[in-house]
Structures are given as structure tokens and as C-alpha cells.
Amino acid sequence: MPEPTTVHPAGMGYVPHAAGFVANDGPKLVTSRFPYEDSYTLERALATGAYTGLRSALGLAPGEVHAEVREATLLGRGGAGFPAGVKWGFCPEGVWPRYLVVNGDESEPGTYKDRLLMERDPHQLIEGCLIACYALGLSQCFLYVRGEMALAQERLAAALNDAYAAGYVGRNICDTDFSVDITLHWGAGAYIVGEETALIESLEGNRGMPRLKPPYFPAAIGLYGKPTIVNNVETLANLPWILEHGAAAYKGYGSEASPGTRLFAISGHVVRPGIYEVEQGVTTFRDVIYGDNFCQGIRGGNDLKAFIPGGASAPWFFEEQLDLPLEARDVSAAGSMLGSGAIVVMDHTTDVVKACLRVVQFFARESCGKCTPCREGTSWEQQILERIVDGYGRPSDLDLLLDVGDNISPGPYPVAAHGDDGLDAVPFPPLQTTICPLGPSSVAPITSALRRFRSEFEAKITRRDGITVRSAPVAEEAPA
Amino acid sequence: MTFFTEANARIAAEVIAQYPRPKSAVIPLLHLAQEQEGWVTRDAMVEVAELTGVTPAEVLGTGSFYEMFKFHPVGRYVVNVCTNISCLLLGGEELLHHAEESLGVRSGGTTDDGMFTVEEVECVAACTEAPCFTVNYRYFHRADADTLDVVVADLRAGRSPLARGAQGDDGNLPSHGTLSRLRQHIPDDRRAGVTPPELVTEAPVWLRPSPALAPSTAGVADA
């Protein structure tokens, strides 16, 4: 293509450079390099302190590095929020080799942070991988990048080639006895591969289907049947800072239960959507959605209808939860999860039934098909919601939706729920009839939307056939 | 019968050498095959099977699980329009309809001239930049019908819709199948060494208590 390139008007077309990142005030632990145009190059990375965390780590004994990470209470950033230092400790003694698998298969709807971290600061991630490998004696690292992320793959390949040449990766790293290879691996398009045992299956060259538990953690039996640590990109990206400044300094940010910062992608009907680095625990949803420093409110001054606090798998929140802090513990106590740091804001113009359908459709499409309740149930849910949206809904459909949901994720869903009653008791985290949480996640949008906006579902059902939906009386108490 | 070109066969060998077990290279090699032909042919699967020590059926079994592998010819440019939640809220569905109507194909279909395939896809991790679409996995953010029209017109006219240098490259948009245009290459003298797991029986050297190590890292086993 020799022709000169068309120049598109601003805001249109291809804008790969740090697209989405908004440099708000506040501490910058993982995005410090982002403002530089050339943040992904080795020269810029070295000029801004890259690999000093690695050098600090190499000055400590491996066990001390592990202790430092455990002390920092670094919570996993992939969704489950499990402390990385504790997860690291699950490797059985005396079983070798051990592997590191980096989960860069970011696919949870609403989530956009790992792609940015890989595109904008690949050396930070590589440094984090090396620190983990050094601490635990991991003999090879596999960097699993989502297949669709071509630019991230290019940036990581370039960064790895440079880091190998400069002696930061490979044999005798920084002239020590520490040697580890980092292998760049691309996925090929499957959301379920974000589940860690499915990720391992995929890396072994198989269909990406989750493995039966137990063992619950691949740290016991993972890649090639050997102890394997699977960590999210953002989790590992925090390690260089922790090793450079120490666990005590890290705990100076955020709250006691969730120290440090997190990247939140805030999308949907807000004035200034973007990815923000946010101190955990001290910032509320209201701050990030309405704050001048963050999203600056809802477009056109519209009213908030609902928001998803942690990716498509998370039950929805509403106005009354706006003052909750962005902290895993508080959000869980309120019945949802911070998940993968994805906040999706819906204003009052949103068709929630359609939004609910779209999320359910996602899970139906991405179900791997291993467990019957998920494989069949998610597509049933989709079909029922589709006919409601298309105007062919049946009065019994709302109860049927909950019934199908109950078979994927058992819960005290009242057979005939009125308004808020009973549905408030939906358990979180969800119970599972399946190996992994994908299927149960599909129930979250349904219970969330039905609990709050039942009348909108009923209106769609009534519109065409003229029958007004009348639910059966509410059960006295939901069955346990 | 050989499927891979000489250059790609060398790449394939290098890829396989990066894994402790050759089967792990099935997905990377399918990508390589798709880069060569634009889609995954039967011959490609047979050769990938031979190279990785599995059956062609296993290669198909693995490959067919993943959305990015196409087992039939697709357009030179695959236009993926996201309609998941964040994009839906800001017009992703309308964008998909526009793509379908202006190109005259339904999602999954390819234009008669073999230039474009349109697909409705799930979240591609650009949610704050919704609605978005990708062409051969290159992102177009905050897009509307006009963006799509300009990009399509550019590609039909043989121009690249990518801003030159925006990516630190020549701004060319490769045809379908090519993902990363840069591959990882480990020089032999820098390689730590990949060993099959069954041949590793003891802790790596930096964890072993050994006088050969520098004092600061010596004598401490894993906690």
C-alpha cells in the first residue's frame, strides 16, 4: 500500500497511543511511564527506573522476595482478588520444575487495562514476571496474550527481544545465576481461557476447557502436571514497584485490606470514560463516576439507572451503592464484586432488558460446553430474553428465567418474585453446578435487572399479546 | 507434501523449540498457517500435526475451539464490530448494522470481491473507547458509520487507514492472518534453555544452597 495515508479527523479512526488512559491526580504505581510517547521502549523504560525492582529482588534471597510480596498483601487483579503472596505459597515443596503463566487473555466485557499495560509498558510486566520467577524458582515463564491484541503482541515481542539482548531475560540475568526464559504465546479467541485451568489447557495445545477441581489451584498441579503459578498481567505489573519501594511503602496507599492502586476502566454513559489508576478503598463509586478528576458525571446530566461494578460477571449496582468504596471486601459484602476493574455505567435511557440480553448472549456464546447446565442453560436464557425483547415473551418467562438460572447457579430465587422481595437474598459469590463460574455469571445480569426493573420486562411482554403479567403470590420464605 | 514455505518452516521450528512439549505449539503454528494462507487449510492442519506429534484430527479439535481460526476462506480484511455491553450502550449495534448494510453481507459473510468479512464479536478490550471495531485486529476507537465508511473506502482504494507512524511502524495494515509483525527471537547465547518437565528433578540453581552463588543469594531455600 504505497499511497499516502489518509489523515482522519481527531477522534476518528486509529488512535493506538495510550488510548483510553486518563492521567488523573493521585499516586501512579503502575502507570508512571504512560505519559511518555515512547514508554514501551527499553531506552525510556531504563531512563525511568525499569529493572531496579528486579535488581532489588536479586539482592535478596528468593524467600525474602516472596515474604515481601506476601507482606504487601498484593491482591490478584484478574477478578477473584486472591492474595498473590498466598497463592505463591501453594507450590508443593520439592516438586520441580515450576512454571509461571501470565494471564493476558483479558476478555471480560467492560475490562480494558491489561491490554494497556502490555501495549504501553511491556518492560514493567517483564520485570514483574522475572521477580516472580526469581522468588519461587520458576524455570520458565509463558506470557499468554489474547490473540486479538496484535499491538500488545508486537510491543511485547520487541520488548522481550531488547530485554534478552540487554541481559535482563534469559541466561544469567544481570550477571547472576538466575536464568529464565520468557516465551510469548498468543491465544486465538476464547473468553473461557481467562479461567486459569482453561488457560493451562490452551497452553498445552488443547481446547480451552477448565479442569475439574480439586486441585483448586494449579500451583499444585498445573502446566504439564507441574506446579504452576498463574497471575494476571496487572498483578505482576505491581511487583517492580513493591520490590523497589518495599511492602511498607506499598501499604501506604489504599486501604489495609486492599493496599495499593488498581486500574479501573470506566465506560458507558459517562462524560469522560477512561482508564484511571485509583487508590483502593479510599475512593468511592460516586467519586469515580461523578468526580471532576475522573469521569465527570453522566452524559447530558442524565440520571443513573444502574452500573456494573466489576465486569459482565458481576451483579449490577444502583444509586444506593454509589457511596461504597472501591474495595473488594466492601463490594463483596454488598453482593457484587470488583472483579476485573470494569465499571460500566448505564443512564436512564438504557433498555435494561436489552442490556441484560446482550450480557447473557455473551456467556451463551463463550460457554465452552463442558458442563451441561452452562452449555444448555445459557442458551436457554438467551432464547427466552430474545423473545421478550422481540415482543414474543410469555407471561411465564420471568419465572422460567429464574428457574433456568437456578439450575446453573442454585440460589433462593423465589419462583414468583415480586419487586425487590426475595431476590435480595441471591447469594454472592454464586453457587455453582458447573466446574467454573462462567455459567453462574450469566445469572447475575438476570437477577440484577429483574430485581430492579421487573416492570420493564413485564411491559415488553404485555405490549404485544395484551396480557398483563400477574405473578403468583410470593412464597413466605425463600427455600434455603 | 510440505505446506509451510521455507521461511515459515524455520519460524515453525523456532516456535516449537520454545516449548517443553511440542503440542503447546499447535495454536502458534495454526496462527502461522493462517498468516501464510489467510485461513487454515487441510494441508496446514496435516503439517501442524506432523510437526507437533499429534493427529490432524486433534489439530482440528483444538483449532475449531478458537474463534480466530477460520477453516474456510475469508476476506482480505476481517472487520470485527463489537456489540458487547459498553459498545451496545453507545451504538455498537447500529455500527454493525451499518457495516452489514454498506458491505452487503450479514455477520459472518464475505463480500463477493473477497475484500471484506464482517463479524459481530464479543468485547475486544477497548470499552472506554466505545463503540469500536477492528480490521484484522487493528483497533478503530470511538467509531461511527463515517469512520467505517472512510476505512472501507481507504482499503478499497489500496490506502492504509492507519495513521503512518502512529504505531511506530510503516502504517500498513496487513491482510488477514497476520497478527504481530514482529516475532520473538531468542539468540542461542542468551537462551536459558527449555527442558522437558520430566527431565527436571531439582530446584533451579539460584534456589540451591551452593557456595558458587553470590553471598547475597546463597543458602536460602524457598519459603
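Reader: How far apart are the C-alpha centres of domain 1 and domain 2 of chain B?
Author: They lie 29 Å apart. This is a predicted model: local features need pLDDT of at least 70, side-chain atom pairs count only at pLDDT 80 or more, and totals for chains, interfaces and linings use all residues. Residues are numbered from 1 along each chain as its sequence is written, with chains lettered from A and ligands numbered from 1 in the order in which they are written.

Reader: And where are those two domains in chain B?
Author: Domain 1 covers 6-63 and domain 2 covers 77-156; the bounds come from an automatic or database domain assignment.

Reader: Switching topic. How many residues of chain A are in contact with chain B?
Author: 91 residues of chain A, against 86 residues of chain B. Contact means that the C-beta atoms, placed from the backbone, lie within 7 Å.

Reader: Which helix gives the most on the chain A side?
Author: Helix α7 of chain A, residues 150-165, with nine residues. Helices (H or I, at least four residues) and strands (E, at least two) are DSSP runs, numbered from the N terminus.

Reader: Now the sheet in chain A. What is the strand order?
Author: The order is β3-β2-β1-β4 in chain A, an open sheet of four strands with parallel pairing. Strands pair if DSSP finds at least two bridges between them.

Reader: Which ones are the edge strands?
Author: β3 (181-186) and β4 (228-232) of chain A, each pairing on one side only.

Reader: How many bridges between β1 and β2 of chain A?
Author: Seven, joining residues 98-104 of β1(A) to residues 138-145 of β2(A) in the parallel sense. Gly104(A) is opposite Val145(A) in β2(A).

Terms used. Two residues are in contact if their C-beta atoms, placed from the backbone, lie within 7 Å.
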